[in-house]
Amino acid sequence: NIKQHIPNFITCLNLLAGCIAIVFAFQHELEITVYLLALSALFDFFDGLAARALNAYSVIGKDLDSLADMVSFGFAPGAIMYIVLNDLLLAQQLPSYLAYTAFIIPVFSALRLAKFNNDTRQSTYFVGLPTPANTLFFMSIPFVLAHSAINNTFINSPAFLISLIVLMSFFMVAEIPLISLKFKNFDWNQNLEKFLLIGISIILFVILKFVAIPLIIICYLLLSIVSKKKIIS
C-alpha cells in the first residue's frame, strides 16, 4: 500500500535536507545551512501529520524518524556551533580544541531521542526539550552574531556559548514536562499556554526576525515550567 510509505518518504526528505545542511555548514555557508534545517523541520512536522492523516503508523517509521532527527537536529546543530566556536576561538587567539564542545549537542540529542522512543508519557506532552526546538535555538546563533546591535556583546564570548551548549543539552534530557503543540481541541481554557506561546512567538518573530528564536525557546521553557501542573494533568 503506497500510502503507508508516504510518511517515511517525507522523513527521508528531512534526513536528506539535514545531510546537505551539514555539508554547507562545513563550507561556512551557515545561512544556507539554517534554511535547509528549517526545511528539515518542515518535513519533520509533515511526516507526523501524514502518518496521522493516513493512519500509517509503524515501528520502522518511528525509528526512521529518530534516525533522521539525529542527523538534522543532532549532528547539524553541533556542526553549526563547531564552526561558530572555532571562528571565534581563532579570532580571539584561544585554544581551538574548545570548539569540540559543540559536539555535546549530538551526544545529548541521541540520549534525548532514545529516551523519547521509550517514554510512554510523551504522547500528550514532552519530557525534556525536543531536539527540533534545541536546533532552532542554535541555528539562530549565526544570525544573532551577525546582528549589528548585539555584535559586540557577551554573545561573542566562547565561554558564554559553551555554557549555552551545556545548559541546553541538560534541558534535552531533564525531567521537565514541556508543552506540546498537538491540539486535541481548540478550547481556550484547555489550551491557554499553547495559544500564549504561539502569540508571543509571532510577535517576537515579526519584531526581531531570526534573532527572536532564542527568546522564543526561552519563553517556551519558562511557560512550560510555570504551567507544569496543568501540562501533566
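Leaving out residues up to four places away in sequence, which residues does Thr-33 touch? In this predicted model, Thr-33 touches Ala-21, Phe-24, Ala-25 and Ile-80, where contact means heavy atoms within 4.5 Å. Thr-33 sits in helix H2 and is buried, with a relative accessible area of 0%. Here, buried stands for under 20% relative accessible area, exposed for over 50%, and partly exposed for anything in between, with a 1.4 Å probe and protein chains only.

A quick word on the ground rules. Residues are numbered from 1 along each chain as its sequence is written, and side-chain values use heavy atoms, with hydrogens and water left out. Since the model is predicted, local features need pLDDT of at least 70 and side-chain atom pairs count only at pLDDT 80 or more, while totals for chains, interfaces and linings use all residues.

Now for the overall picture. The protein chain has 10 helices and 2 strands; these are DSSP runs, numbered from the N terminus, with helices being H or I of at least four residues and strands E of at least two. Along the sequence the pattern goes α-α-α-α-β-α-α-α-β-α-α-α. The radius of gyration of the protein chain is 18 Å, close to the 17 Å that the globule rule gives for 233 residues, so the chain is as compact as a globular protein of that length. That radius is taken over C-alpha atoms, and the rule is 2.2 Å times the number of residues to the power 0.38. Laid along its principal axes, the C-alpha trace spans about 55 × 40 × 30 Å.

Of the 233 residues in the protein chain, 46% are buried. Among contacts between residues at least 6 apart in sequence, 73% join residues at least 24 apart. The chain exposes about 12,100 Å², with carbon and sulfur atoms supplying 72% of that area; the areas come from the Shrake-Rupley method with a 1.4 Å probe, and for residues only the protein chains shown count as cover. As for charge, the mean positions of the 13 positive and 12 negative charges lie 12 Å apart. In that tally Lys and Arg are positive and Asp and Glu negative, with His and the chain ends not counted, and each charge is placed at NZ of Lys, CZ of Arg, CG of Asp or CD of Glu.

Next comes the inside of the chain. The largest nonpolar core has 48 residues, and Met-81, Val-84, Leu-129, Phe-138 and Leu-161 touch the most other members. Such a core is a set of buried Ala, Val, Leu, Ile, Met, Phe, Trp, Tyr and Cys residues joined through side-chain atoms within 4.5 Å. Elements giving two or more residues to this core are H1 (6–26), H2 (30–54), H3 (59–91), H5 (131–139), H6 (141–146), H7 (158–173) and H9 (213–226), each of them a helix. H3 gives the most, with 10 residues. Beyond its neighbours within four places in sequence, Val-84 is in contact with Leu-30, Ile-141, Pro-142, Leu-145 and Leu-161.

Helix H5 is mostly covered, with 7 of its 9 residues buried. Those buried are Thr-131, Ala-133, Asn-134, Thr-135, Phe-137, Phe-138 and Met-139, and their cover includes H2, H3, helix H4 (104–117), H6, H7 and H9. Take Met-139, which lies in H5 and is buried at a relative accessible area of 3%. Setting aside neighbours within four places in sequence, Met-139 is in contact with Val-34, Leu-37, Ala-38 and Ile-80. Met-139 and Ile-213 are 74 residues apart in sequence, yet 9.0 Å apart in space, C-alpha to C-alpha.

Back in helix H2, Asp-44 counts as buried at 16% relative accessibility. Apart from neighbours within four places in sequence, Asp-44 is in contact with Asn-14, Asp-65, Asp-69, Phe-73 and Pro-132. The C-alpha atoms of Asp-44 and Pro-132 are separated by 8.7 Å, although these residues are 88 apart along the chain.

Most residues other than glycine have a negative phi. His-28, in the loop between H1 and H2, has a positive phi near 65 degrees and is partly exposed, with a relative accessible area of 47%. Asn-55, in the loop between H2 and H3, has a positive phi near 50 degrees and is exposed, at 58% relative accessible area.
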